[in-house]
Amino acid sequence: VGRCMVTADGAGYRLQSCEHPGRTLVLAFDGSIHVDDSAAEAGGGPSIAVDAVAGIFELEYHRYVLVVTDSARRGSVAGCDVYEVLEAAALPLDGAGSRAALDGVAKGGSAAEAGGQFGRMEARVVDEVVRIFRSGMFYSYAYDLTRSLQAKDGAAVDDPHQPLARAADRDYWFNCAIQQPLLDAGAEAWAVPLVQGSMQFARYEGGSTGCEPFDVCVLSRRNCRRPGLRYERRGANADGDVANFVETEQILAVAGPGQPQHLVSFVQTRGSMPLLWKQPATGLHPVPAVAGTSEENAAACAKHLQREIGRLGRQVLVNLVEHRGREAVVGAAYAETVGQCVAAEAVDARQVRYVPWDFHDETRGMQHGALARIVDELRREMDGMRYFWHAGSETLTRQQGVFRVNCMDCLDRTNVVQSTLARTVLNDQLVRLGIHAAPDRGLAAYPGLDAALSGLWANNGDYLSRQYAGTSAMKGDYTRTGKRNIGGILNDATYSVARLWNSTFRDYFSQAVIDYLMGSHRADAVFHTLVDLQSREPGHAEQAVARRAAAIEAAVAAAVLPPEQVHLSCIVQPPLALNTPKVRPAADAVLLVTGAAVVVCEAGAEPPVATRIELAALSRIQCGELVTDTRTPRDLDPERNCGLVLSFAASGSQPPAAEPASQAMLKLVDGAQVVMQHVPGPDGSLSLARLESLEGLPPRVLADCVCSTIQALALSAGNAAASDSRFAVDAPIVSADAARKGASLADKMASRLHSALWL
């Protein structure tokens, strides 16, 4: 639908297509979305022009529609214009603030309005979302940027009569998750796929050479399977998805008078070494370490290579890391892991070649002329790999295989080598197309072309580096000029310090926002990143569930003796002292409710630490609000912060009224909860089973279930007190107000520090 005008009325936003005025998208404040083709005129009030709807997302206080408010045309491919996002805005889907938001954007300001600490936290997240979408996002209304020319058989799109969203590759469609509401509502035509990466264009006019003019484009698309930032995302995950995986396509376009356009493309990939490894951000030169076992790494590597072989064919793995020093540990593990995959026949040996090439050693002393050696070493691979060549409606050749290049970050060294390989292939293509001015002179035969190509690839490196590491690419002087100089070395030193600053003070928050935009995390995980100063890997919740289920099984094995039966078990925070709330205890505890006792086992303790409270000894259960943290909105929600106080006789027998009771305070975890119970098998034996219907309940509801279960079992155990109406009490344990007042000086100082840093 192209560009549109956005207005607001009492019910929602109306987005009217400028190219097709009869088409309108209605985003209602009640959350509904529908397409209105009635051609009704938009109402009065402020309005803004937007280039695209980037998506819809929801935080603690508001839902937002993210729109592209300014773009720049960067060039065209196959006759289709390509644009880069320059500005974006998040408009609250809120009747009270919509007109003010439109008015603010129309005047060149921000759409976000916030007050109070939590409002400022939400505004900080919104600002980061907008910043990310101003960081090298590209789109086209008519060209599918998510897939290479070969993947589309030389066409701009598979079907020009269908919306791009129906054919886009979700692995490279950056805003896919936040555009899902549009897709679910049947508004695919309004969903414009954005690609994060780089698109650089140059045109050679022919000039004195007398050859046909031609265009060169370098298009890099970042993969969305494991997106993120430098030290926050390294290596692979268990599924074989790797950090900073980028597909770079160099496209040559030639069209002589009266001739069909020839489109020739060459694809390379880059990505972190496909095994489990980490590199904590400590100092300018942090030491990497292999994190997985040999078997785990081989499995991850095999999955990655299998996927890429299926997608692009034979993989030539060019590893540029150092053979000695701190990088060698991971580099050697990569070589060993590839060998394991081949030896175990997890990967076809004919489809993989591993090429170690220590970039720093080979180019020592700024001798980057040595790059010719790697071209010579890979020449046969290059000739056999070929490239994709499409003319008119005919495909003349297809690329068979790919160079997969990596260094540690897959930025600076990788970009230098990929640009060198791409120039060599471009020279071959110009010769093959019969338009080369002087084949024996190479690209030097085209005045100004070498400098133009250097600019394309240097800009490509800068875009990718800013997205992954926060600064322009190092070694950019060589990529731009073909030689290293002292000024470039000094720039690299500056960039190293800037990257250290980003990795220490910013990246974990940006990483959490990226994971949220990918649909990997809930909004509250982003808020907790502001508090915890650390991000979490996607899949963290699933891993926590598996770990907690195993903890329950271990607790039952250690603390429950047959024929005792577990009627209900769940995960709680360890026993807390009453009225002295701790902030976010590090470990879990397991709560077991059997027919005879309530047992609390601290997970992971060696030897197991179990507290057993006999049901006959219980005198009172209090169920209610239990706030142990005050730094995010979710931490103050009484439905999500609930616990139990168990009062009991320390002696183990039912206490007389005069005997003072001991107390244990437990808090149910919010998120990744696991609830289990014993179920009898056909032979009468007991086994633990998950109660998934209870696991998704808010902690408040689950606490009520636990309380009712304990009271019923206490009655069955002969506890007379359990029949008293005062046995189970519903009352706040630690309210939000009490938690605020009881926060320690250190907690208050930490909160102020976070506010100063982020808000």
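How many bridges join β13 to strand β18? The model on your screen is predicted.

**Stop 1: strand β13.** Select residues 262-270, which form β13. Eight of the nine residues in this strand are buried, so β13 is largely enclosed by the rest of the structure.

**Stop 2: strand β18.** Now select residues 388-391, strand β18. Here is the reply to the opening question: four bridges join β13 to β18, and the two run antiparallel. Pick H262, then A391, its bridge partner in β18.

**Stop 3: strand β20.** Select residues 402-406, strand β20. Check the direction here: β20 and β13 pair in the parallel sense, over two bridges. Pick T269, and you will find R404 of β20 standing opposite.

**Stop 4: helices α4 and α5.** Select residues 294-312 for α4 and residues 328-343 for α5. The helices pack at an angle of about 75°, and their axes are 9 Å apart. An angle of 65 to 115 degrees counts as roughly perpendicular, so α4 is roughly perpendicular to α5.

Finish at the contact between the helices. On the α4 side, select S294, N297, A298, C301 and A302. They meet T337, V338, Q340 and C341 in α5. Colour this contact by residue type: five of its residues are nonpolar, four are polar and none is charged.

Technical notes: Residues numbered from 1 in each chain as written. Predicted model: local features only at pLDDT ≥ 70, side-chain atom pairs only at ≥ 80, totals over all residues. Heavy atoms only, no water. Axes fitted to C-alpha atoms, helices over the stretch in contact; angles between N-to-C directions. Parallel < 35°, antiparallel > 145°, perpendicular 65-115°, else oblique. Contact = heavy atoms within 4.5 Å. Nonpolar A, V, L, I, M, F, W, Y, C, P; charged D, E, K, R; others polar. Buried < 20%, exposed > 50% of the residue type's maximum accessible area, 1.4 Å probe, protein only. Pairing = 2+ DSSP bridges.
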